[in-house]
Amino acid sequence: MKLNLNILNKYLLGFTFALSYLNVISKRISSQKVFDWYIFTPEAPLLSLIYAIIVFALLKFILLKKEGILYPKVKWKKLSYAIVIGLIFYVLIANILSLIVALSFGTFDRNFQPLSLVLINNMSYVIDYFLFSIIFMSYVFYRRNIQQEQYLKDVEQSLSKSKINNLKAQLNPHFLFNNLNSLDELVHRDTNKASDFLAEFASIYRFSLDNINKQLIPLEDELAFATSYFEMMKEKYPNEYKLTKQEFEKNVFLIPPFSCQTLVENVLEHNKPEKDSTVNITIKQTNSYLIIHNNKAGKSRKITASGKALENLKMQYQQLVTQEIVIEDNHDEFIIKLPLITK
């Protein structure tokens, strides 16, 4: 999830300007011991606001460059390191700007002599930097919390939709009617195949009811379910599809339920092979990913592709792991890599 940070946010800049204004007024009253119109002139707060925007831009660049600092949880050590890096760059930029101004107006000696004055100025830059950093990091965590709350709502909604859609896909009357017709035909044609079909059919319902409320299940259970689904659908589309699976280690990896089955279903729906041709589906594991690969057919069984099933699957993974689903859509093949979660 990408953090959305707008350093020109009117509330952020308004708060920063107000705080700088109050700070300048306080300093002027303390130093002058008098109360006059000069105390309220805004040139110093405006200059301070420019320096604040520089700090905001530096921190935004560093944080977005290293997004893992904030997600899925805050890495405080790395965040502290990022703030220190920002401090170094800010002090360097502030000195360069001060040098440019001094050379432009011929005030180099007044601004950079003696050395103690340079040290005092740099201490002021450091204090300003940490003040602006506190303001910006407060804004960052506020935005992060807002986005996380919305994200969790979206994920929860996506998970609910995924559960409902998977159950509906299994329990849909049209789905039932078609497969019961297939079963009826098999009973008259081949009783052994009819028995196998019925066993796969029962297995799908049993799996759905047992796992619909679970976030993760063993990889071998999901593969068994996807295989059962494929074997049943193969009776509907004989000789059109072939499924090849690699042997996997048992009791090692976890995966969201219905994920592999959803992708197998996706292949069947979006690839209608020509006569005497076959769509080959391969499932294997490489480098902690479950890879589902298929060659493309010329036609799709669906008139329009919504892509909702795949989007729901992506949302589930974003909640569970930092790795994202990898999709490779080439001219003649389609590959999806699902991150596997170690027990």
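Visitor: Is Tyr 51 buried or exposed?

Guide: The model shown here is predicted. A residue counts as buried when its relative accessible area is under 20%. Tyr 51 has a relative accessible area of 16%, so this residue is buried.

Visitor: How many aromatic pairs does a search of the whole structure find, and how are the rings of Tyr 51 and Tyr 125 arranged?

Guide: The search of the whole structure gives 13 aromatic pairs. In the pair of Tyr 51 and Tyr 125, the ring centres lie 6.4 Å apart and the planes meet at 35°. Planes under 30 degrees apart would count as stacked and those over 60 as edge-to-face. The pair is therefore tilted.

Visitor: Which parts of the chain does the pair of Tyr 51 and Tyr 125 tie together?

Guide: Tyr 125 counts as buried, at 11% relative accessibility. Tyr 51 belongs to helix H2 (residues 43–65), and Tyr 125 belongs to helix H5 (residues 115–171). The pair therefore ties together parts 74 residues apart in sequence, namely helix H2 and helix H5.

Visitor: Is the aromatic pair of Phe 56 and Phe 136 stacked or edge-to-face?

Guide: Phe 56 lies in helix H2 and Phe 136 in helix H5, 80 residues apart. Both Phe 56 and Phe 136 are buried. Their rings are 5.2 Å apart centre to centre, with 20° between the planes, and the pair is stacked.

How values were computed. Residues numbered from 1 in each chain as written. Predicted model: local features only at pLDDT ≥ 70, side-chain atom pairs only at ≥ 80, totals over all residues. Heavy atoms only, no water. Phe/Tyr/Trp six-rings, centres within 6.5 Å; stacked < 30°, edge-to-face > 60°. Helix = DSSP H or I, 4+ residues; strand = E, 2+ residues; numbered from the N terminus. Buried < 20%, exposed > 50% of the residue type's maximum accessible area, 1.4 Å probe, protein only.
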